[in-house]
Amino acid sequence: MENKNLKSLNTFAIDCVAKEFVEFNSQEDFEKIDKVYKESQRVHILAGGSNTIFLNKEYQGTIIKIENKGKKIISDEVDSVAVEVSAGENWAEFVRWACLNGYSGLENLAAIPGQVGASPVQNIGAYGMQVADRILWVEVHNMKTSDNYRIMNADCEFDYRFSRWKTSHKEELIYKVVFLLDKIFQPKLDYAAIKSYLEENKVNPITPIKMCDIVTKIRDSKLPNPEILPNAGSFFKNPTISQEQFEDLKQRFPQIVSFSQQDTIKLSAAWLIEQCGFKGERYNCVGMHAKQALVMVNYGGATGKDVLEMANLVKEKVQEKFGVMLEIEAHLIG
Ligand code: EPU
């Protein structure tokens with residue numbers, strides 16, 4: 001298809017037209033996709049569009065939209081199951097399905113917008129869980145060589161909001177992801193927002209589906225619904241700094257919000273942005289959300305220029321006040 005409008009296919013709701021557009025519906029489409037890959041100047045794989053911001057009014061290439069569906073249990077043990085899920089499945093629906101069946105390990109990642117195949121790309125994480133801890137392997141199709149192969153977890157290069165697909169290996173189309181889930185539930189309750197929810201509400205016993213509902217409620221209370229206020233989730237990553245730099249900052253800003261890691265410190269980007277006065281502030285058609293300063297929102301009609309200008313404004317102010325460099329988490333497509 002030519003000149004396809006992508007506004008309804010990206011949760012930031014940028015009005016962008018793709019020169020060419022094809023769907024990947026099943027493995028029978030591999031040949032078609034390889035041809036497109038070889039003949040197009042540029043190719044971009046689009047899943048749920050929930051972490052993607054198109055910067056221009058036109059995308060001068062081909063969008064491959066992932067739409068394959070299906071899931072199956074490929075191994076069923078006493079205490080665990082391995083589930084193979086097609087990349088085009090909706091992430092939140094898959095997590096809910098797993099929880100309803102009593103399979104746990106992903107419940108804190110409930111209600112995240114997007115598709116299953118995109119989950120390893122930026123290693124989605126929330127409320128003390130990250131998808132990398134549950135992925136056994138990822139099935140990819142190499143559009144350059146036409147080979148299909150498996151990338152085992154250890155070779156995915158997983159890190160905080162990072163994997164081998166975040167910045168390279170763009171010729172690999174992820175078409176299935178295999179997850180290892182538990183049948184015995186060990187809830188992860190250490191995250192502050194979950195702890196305080198449980199203190200205020202009686203939840204007994206806690207089951208995977210109850211956790212899924214709790215996380216959904218917590219997210220709904222803070223994060224803007226893209227259907228009402230378009231956004232792409234966290235716009236920046238939480239920055240990591242050295243212990244030394246942290247001690248200096250802590251002296252100057254005793255309230256600074258941080259999470260300690262092995263030998264480094266992760267700072268709350270939302271806190272840094274809020275301290276610079278951006279929370280709830282609007283700049284042209286975009287702004288930083290009033291309930292979560294890390295989320296950039298589109299008030300309607302935002303362009304790539306608005307997004308970049310606001311992003312630079314925030315980065316400059318945070319750098320000036322705290323000496324910390326913010327890195328954009330959302331995927332910007334030129
Ligand atoms: N905070 C502020 N101001 C704000 C918001 C938060 O000061 O406007 C402080 C609060 O002290 C709060 C702390 O920051 O306790 C952490 O906030 P929150 O729990 O909302 O998490 P986050 O670090 O801002 C990360 C993920 C989110 C994920 C949440 C919950 C990144 C880039 N973002 O945000 O993921 O849902 O934790 O675990 O790591 C996403 O990636 O799109 C996303 C939404």
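For the residue classes used here, Ala, Val, Leu, Ile, Met, Phe, Trp, Tyr, Cys and Pro count as nonpolar, Asp, Glu, Lys and Arg as charged, and the others, Gly among them, as polar. This is a predicted model, in which local features need pLDDT of at least 70 and side-chain atom pairs count only at pLDDT 80 or more, while totals for chains, interfaces and linings use all residues. Numbering runs from 1 along each chain as its sequence is written, and side-chain values use heavy atoms, with hydrogens and water left out.

**View 1. The shell around the ligand.** Sorted by class, this shell has ten nonpolar, six polar and five charged residues. Y127, Y160, R161, E274 and Q292 come nearest of the 21 residues around the ligand (a residue is near if one of its heavy atoms lies within 4 Å of the molecule). Domain 2 (71–182) and domain 3 (231–333) each give the shell at least three residues; the bounds come from an automatic or database domain assignment.

View 2. E274 puts a polar side-chain atom 2.6 Å from a ligand nitrogen. Y191 has a side-chain N or O atom 2.8 Å from an oxygen of the ligand, and for K279 a distance of 2.9 Å separates such an atom from a ligand oxygen. On its own the ligand exposes 830 Å², and the protein buries 82% of that (Shrake-Rupley accessible areas, 1.4 Å probe). Two or more shell residues come from each of β8 (125–126), α5 (208–222), β13 (231–234) and α7 (269–275), with α7 giving the largest share, three residues. Helices (H or I, at least four residues) and strands (E, at least two) are DSSP runs, numbered from the N terminus.

View 3. The chain splits into domain 1 (2–66), domain 2 (71–182) and domain 3 (231–333). Taken over C-alpha atoms, the centres of domain 1 and domain 2 are 21 Å apart. Their contact (heavy atoms within 4.5 Å) takes 16 residues from domain 1 and 20 residues from domain 2. Between them the two bury about 1,400 Å², 63% of it on carbon and sulfur atoms; buried area is the accessible area (1.4 Å probe) that two parts lose on being put together, summed over both. F30, Y37 and I66 supply 35% of what domain 1 buries against domain 2, more than any other three residues.

View 4. N204 and P205 are joined by a cis peptide bond, with omega about -5 degrees, and P205 sits in the loop between α4 (192–200) and α5. S146 is not a glycine, yet has a positive phi of about 65 degrees; look for S146 in the loop between β10 (135–142) and β11 (148–152).

Terms used:
Polar contact = N/O pair within 3.5 Å; in protein donor to acceptor, adjacent residues only side chain to side chain.
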